Amino acid sequence: MTRSKSQIVYAWIRERIENGEFPPGHRLVLDAIARRTGVSPVPVREAIRLLEAEGLVTFERNIGAQVAFMHEQEYLHTMQTLALVEGAATALSAPRIGGDHLARARAINDRLAESLESLDPRRFTELNRDFHAVLFAECPNPHLVDLVHRGWKRLTVLRESVFGFVPGRAHESVAEHEALLRLIEAEETPLTIELAARDHRLGTLNAVLAYQADRRSTDLTPTQENP
C-alpha cells in the first residue's frame, strides 16, 4: 500500500525521535521539516498531530511543537532507583576488578573526553553505559546486575539521552568517571565507592530537573508557526 505524505513524514520524524537525533525538547519547525522531507507544511502538520496523539510530541503556547520530555516523575523514580542499584553493584564489583578492567574503563572514558568537542548525545550515552558496565562487570550479585539493566532499559523507553539538552553534564560526567576510577584504584572502602557512583548518577538527574525547572520559569516568545 502506498503511504500518504503525512505517513512518510510521520515515520521520518518518529525515526529521529527514537534514534536520539531529535532529543526531548527539540523543536519541530514545520517549514524546516517540510524542506528536509520535500513536502508542503500541510502533511508535516498532520504528522505532528499524529505524534502528539501518541505522546511523542507536545505543543505548547509560545513554543510550538517539540519532542516530548520524559514524564518527570517516572524519570525521577527510575534514576533514583538506578543510582541505588548501580552504586551497590559497582561497590561490590570494585574489589574484584583488575588492571585490565580499569584500563578498559579508562580507555572508554578517554573516548568520551575526545567526543566532547563535537558531542553526539546518542553515541556519548552508549559509551557512558559501556564505561559503567565495565565497573560492575564483576558484581557477584546477579539480581543487582539485573536491576541495573532493567533501569537502563527503562531509560531507553523514556528516550533518554539527556546529554543533548544538558551538554554541560557530559563534561562533568567525564571528570566524575575519572574520580571514580581513582577511588577504585586506591582501594577505597566499598561504601565510599558506592556513594561516589550513586552521586554520579544523581548528578545527571539533578541536571535534568534543573533544566526542566528553568524551562518552566522562562518566558519564551513565539518562534515558529503553529501546527
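Where is Glu-187 found? Glu-187 sits in the loop between helix 8 (168-185) and helix 9 (190-217). This report starts from that residue and then moves through the rest of the chain. The model is predicted.

Glu-187 is not a glycine, yet its phi is positive, at about 55°. Glu-187 counts as exposed because its relative accessibility is 70%, and the cut-off for exposed is over 50%.

## The chain as a whole

The protein chain has 9 helices and 2 strands. In sequence order, these elements follow the pattern α-α-α-β-β-α-α-α-α-α-α. Along its principal axes, the C-alpha trace spans about 60 × 45 × 35 Å.

The protein chain has 227 residues, and buried residues make up 45% of them. Among contacts with a separation of 6 or more, 77% are between residues 24 or more positions apart.

## Helix 1 against helix 3

Helix 1 covers residues 5-18 and helix 3 covers residues 41-53. Their axes come within 8 Å and cross at roughly 55°. Helix 1 and helix 3 are therefore oblique to each other. The crossing of helix 1 past helix 3 is right-handed.

On the helix 1 side, the residues that meet helix 3 are Lys-5, Ser-6, Val-9, Tyr-10, Ile-13 and Arg-14. On the helix 3 side they are Pro-43, Val-44, Glu-46, Ala-47, Ile-48, Leu-50 and Leu-51. By class, this contact has 9 nonpolar, 1 polar and 3 charged residues.

## Helix 5 against helix 6

Helix 5 (residues 99-114) packs with helix 6 (residues 121-135) at an angle of about 165°, and the two axes are 9 Å apart. Angles over 145 degrees count as roughly antiparallel, so helix 5 and helix 6 are roughly antiparallel to each other. Their crossing is left-handed.

Helix 5 brings His-101, Arg-104, Ala-105, Ile-108, Asn-109, Arg-111 and Leu-112 to this contact. The residues they meet in helix 6 are Arg-123, Phe-124, Leu-127, Asn-128, Asp-130, Phe-131, Val-134 and Leu-135. Sorted by class, the residues of the contact are 8 nonpolar, 3 polar and 4 charged.

A polar atom of the Asn-109 side chain lies 3.2 Å from the backbone oxygen of Val-174. Not counting residues up to four places away in sequence, Asn-109 touches Phe-131, Val-174, His-177 and Glu-178.

The side chains of His-200 and Glu-176 are joined by a polar contact of 2.6 Å.

Which residues does His-200 contact, leaving aside its neighbours within four places in sequence? They are Asn-128, His-132, Arg-169, Ser-173, Glu-176 and His-177.

## Glu-86 in helix 4

Glu-86 lies in helix 4 (residues 72-93). Glu-86 is buried, with a relative accessible area of 2%. Its side chain makes a polar contact with the side chain of Arg-201, at 3.1 Å.

Apart from neighbours within four places in sequence, Glu-86 is in contact with His-132, Phe-136, Val-148, Trp-152 and Arg-201. His-132 is also one of the contacts of His-200. From Glu-86 to Arg-106, the separation is 20 residues in sequence and 18 Å in space, C-alpha to C-alpha.

## Ala-179 in helix 8

Ala-179 lies in helix 8. Ala-179 counts as partly exposed because its relative accessibility is 41%. The C-alpha atoms of Ala-179 and Ala-197 are 9.8 Å apart, while the two residues are 18 residues apart along the chain.

Notes:
Residues numbered from 1 in each chain as written. Predicted model: local features only at pLDDT ≥ 70, side-chain atom pairs only at ≥ 80, totals over all residues. Heavy atoms only, no water. Helix = DSSP H or I, 4+ residues; strand = E, 2+ residues; numbered from the N terminus. Buried < 20%, exposed > 50% of the residue type's maximum accessible area, 1.4 Å probe, protein only. Polar contact = N/O pair within 3.5 Å; in protein donor to acceptor, adjacent residues only side chain to side chain. Contact = heavy atoms within 4.5 Å. Axes fitted to C-alpha atoms, helices over the stretch in contact; angles between N-to-C directions. Parallel < 35°, antiparallel > 145°, perpendicular 65-115°, else oblique. Left-handed = near helix turned anticlockwise from the far one by under 90°. Nonpolar A, V, L, I, M, F, W, Y, C, P; charged D, E, K, R; others polar.
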